[in-house]
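Me: I've got a protein open and I'd like to talk it through. Can you start with the terms I need, then go piece by piece?

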Amino acid sequence: AKDTTLSVSLQTTEWSGAHLDWSLHPTGLGSWDPNLTGSGKTVYLVDTGISVSHQEFAGATITNCWSNFSDDDAVPNYDDTVGHGTAVASMIVGQNIGTAKDAHLRNVKMFNSASGDITVGEIISGLDAVLADHIPSQSDVKVVCLPWNLTKNAFVDAKVKEMNASNLVVVAAAGNDGVDVNTVSPA
């Protein structure tokens, strides 16, 4: 079952190229000023990688954790060539819009396209890498951001439950494109 191929959905492509700038503020003005900055907290982002050289990440703490492409010379190990991971990362640790701009962001590059196929084994390997990197403690809850969905899968759902039991708070996309959340994982 680990080699079963599933279709994944990250985002629509209508924002192509401009989505990060638009997500900062639709008019290009203003900035986000949260009361809590995420200082001392860790967030794992499981997505398309992160373009850490983007100006939004000046001063951000972003480190690489795991890549699904470490054996593929044609794909950058951790850099984002799609834009989705970078956009989501900006909403987490971005200097203008980041809701937890002082958090430590751990980059987990699972995908290299906005949609397509991935095996259950690849997903489980990425989530296992997060579990291996995380040292559970009652006082240090960490967040895992899974901003994508795929066809309902019991193995993926069981891994998310295991992560929750290890003091990881999993935040997942809830039915991208208006689909019933009960038909997709990891929602």
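Reply: Start with burial. A residue is buried under 20% relative accessible area, exposed over 50%, and partly exposed in between. Take V171: at a relative accessible area of 43%, V171 falls in the range between, so V171 is partly exposed. One caution: this is a predicted model.

Me: Where does V171 sit?
Reply: V171 is in strand β8, which covers residues 168–172.

Me: And which residues form a nonpolar patch with V171?
Reply: V141 and V169 do. The three make up a patch on the surface, with about 200 Å² of accessible area together.

Me: Let's zoom out. How many helices and strands does the protein have?
Reply: It has 4 helices and 9 strands.

Me: What order do they run in?
Reply: From the N terminus, the order is β-α-β-β-α-β-β-α-β-β-α-β-β.

Me: How much of the protein is buried?
Reply: Buried residues make up 47% of the 187 residues.

Me: And the accessible surface? What does it come to?
Reply: About 9,200 Å². Carbon and sulfur atoms account for 51% of that surface.

Me: What about contacts along the chain?
Reply: Take the contacts between residues at least 6 apart in sequence. Of these, 83% join residues at least 24 apart.

Me: Now helices. How many residues of helix α2 are buried?
Reply: 9 of the 10 residues of α2, which spans residues 84–93, are buried. So α2 is largely enclosed by the rest of the structure.

Me: Which ones are buried in α2?
Reply: H84, G85, T86, A87, V88, A89, S90, I92 and V93.

Me: Switching to cysteines. How many disulfides are there?
Reply: The structure holds 0 disulfides.

Me: Are C65 and C145 buried or exposed?
Reply: C65 is buried, at a relative accessible area of 18%. C145 is buried too, at 13%.

Me: Okay, rings. How many aromatic pairs are there?
Reply: The count comes to 1 aromatic pair. F111 and W148 form it, edge-to-face. Their rings are 5.2 Å apart, centre to centre, with 75 degrees between the planes.

Me: Why does that count as edge-to-face?
Reply: Planes over 60 degrees apart count as edge-to-face, and this pair has 75 degrees between its planes, so it qualifies.

Me: Where are the two partners in the chain?
Reply: F111 is in the loop between β4 (104–109) and β5 (115–119). W148 is in the loop between β6 (142–146) and β7 (149–151). They are 37 residues apart, so the pair links distant parts of the chain.

Me: Buried or exposed?
Reply: Both F111 and W148 are buried.

Me: Now charges. How many salt bridges are there?
Reply: The count comes to 5 salt bridges. As background, side chains of opposite charge can pair when their charged atoms come close.

Me: Show me one.
Reply: R106 pairs with D133, and their closest N and O atoms are 2.6 Å apart. R106 is buried, at 12% relative accessible area. D133 is partly exposed, at 30%.

Me: What about one inside a helix?
Reply: Look at K159 and E162. Their side chains meet in a salt bridge at 2.9 Å, N to O. Both lie in helix α4 (residues 154–165), 3 residues apart, about one turn of the helix.

Me: Why does that spacing matter for direction?
Reply: An α-helix has 3.6 residues a turn, so residues three or four places apart point the same way.

Me: Are K159 and E162 buried or partly exposed?
Reply: K159 is buried, at a relative accessible area of 11%. E162 is partly exposed, at 38%.

Me: Which residue joins K159 and E162 in a network?
Reply: D128 does. Salt bridges that share partners join D128, K159 and E162 into one network.

Definitions and conventions. Residues are numbered from 1 along each chain as its sequence is written. This is a predicted model: local features need pLDDT of at least 70, side-chain atom pairs count only at pLDDT 80 or more; totals for chains, interfaces and linings use all residues. Side-chain values use heavy atoms; hydrogens and water are left out. Helices (H or I, at least four residues) and strands (E, at least two) are DSSP runs, numbered from the N terminus. Buried means under 20% relative accessible area, exposed over 50%, partly exposed in between (1.4 Å probe, protein chains only). Contact means heavy atoms within 4.5 Å. Accessible areas come from the Shrake-Rupley method with a 1.4 Å probe; for residues, only the protein chains shown count as cover. A disulfide is a pair of cysteine sulfur atoms within 2.5 Å. Patches are made of residues with over 30% relative accessible area and no salt bridge: like charges are joined within 9 Å, nonpolar side chains (Val, Leu, Ile, Met, Phe, Trp, Tyr) within 5 Å. A salt bridge is a side-chain nitrogen of Lys or Arg within 4 Å of a carboxyl oxygen of Asp or Glu. Rings of Phe, Tyr and Trp (its six-membered ring) pair if their centres lie within 6.5 Å; planes under 30 degrees apart count as stacked, over 60 as edge-to-face and the rest as tilted.
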